[in-house]
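Reader: Could you walk me through this structure, one step at a time?
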Amino acid sequence: MACAKCSFYMPKGSTASALLEGKNNLLRMRQEIPLTEAEMAALDDGVSALESLLSRLVDVPTPSGQTPVQLRAESLVQIDVVQAAV
């Protein structure tokens, strides 16, 4: 995780799913395996590094040109209630 801690390191957008999977695996390991304090600290350090990388990818455009934030905003649909005239 040394590269993930460097402020100038920029992960590729295609690695976002791998980063999420890695973070989930670390969190699951934290819950399911008895760990020493040193192991817990290392695991927490890894989780924070992955969160940092994921936060840097939020504004990186996808191949379509939109950022992940824009894609999420577009996926929300507002439904207006229309009253029928009787």
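Predicted model: local features only at pLDDT ≥ 70, side-chain atom pairs only at ≥ 80, totals over all residues.

Reader: How many helices does the protein chain have?
Author: Helices are DSSP runs of H or I with at least four residues, strands are runs of E with at least two, and both are numbered from the N terminus. Read from the N terminus, the elements run α-α-α-α. There are zero strands, and the number of helices is four.

Reader: Are helix 2 and helix 3 roughly parallel or roughly antiparallel?
Author: Axes are lines fitted to C-alpha atoms, for helices over the stretch in contact, with angles from 0 to 180 degrees between N-to-C directions. For helix 2 (residues 16-32) and helix 3 (residues 37-56), the axes come within 10 Å and cross at roughly 155°. Angles under 35 degrees count as roughly parallel, over 145 as roughly antiparallel, 65 to 115 as roughly perpendicular and the rest as oblique. The two helices are therefore roughly antiparallel.

Reader: Which salt bridge involves Lys 23?
Author: The structure holds two salt bridges. In this one, an N to O distance of 3.3 Å joins the side chain of Lys 23 to that of Glu 51. The pair links distant parts of the chain, 28 residues apart, with Lys 23 in helix 2 and Glu 51 in helix 3.

Reader: What is the N to O distance in the salt bridge of Arg 30 and Asp 44?
Author: Arg 30 belongs to helix 2 and Asp 44 to helix 3, so this pair ties together parts 14 residues apart in sequence. Their side chains meet at an N to O distance of 2.8 Å.

Reader: Is Asp 44 buried or partly exposed?
Author: Buried means under 20% relative accessible area, exposed over 50%, and partly exposed in between (1.4 Å probe, protein chains only). With a relative accessible area of 33%, Asp 44 is partly exposed.

Key
Residues numbered from 1 in each chain as written. Heavy atoms only, no water. Salt bridge = Lys/Arg side-chain N within 4 Å of Asp/Glu carboxyl O.
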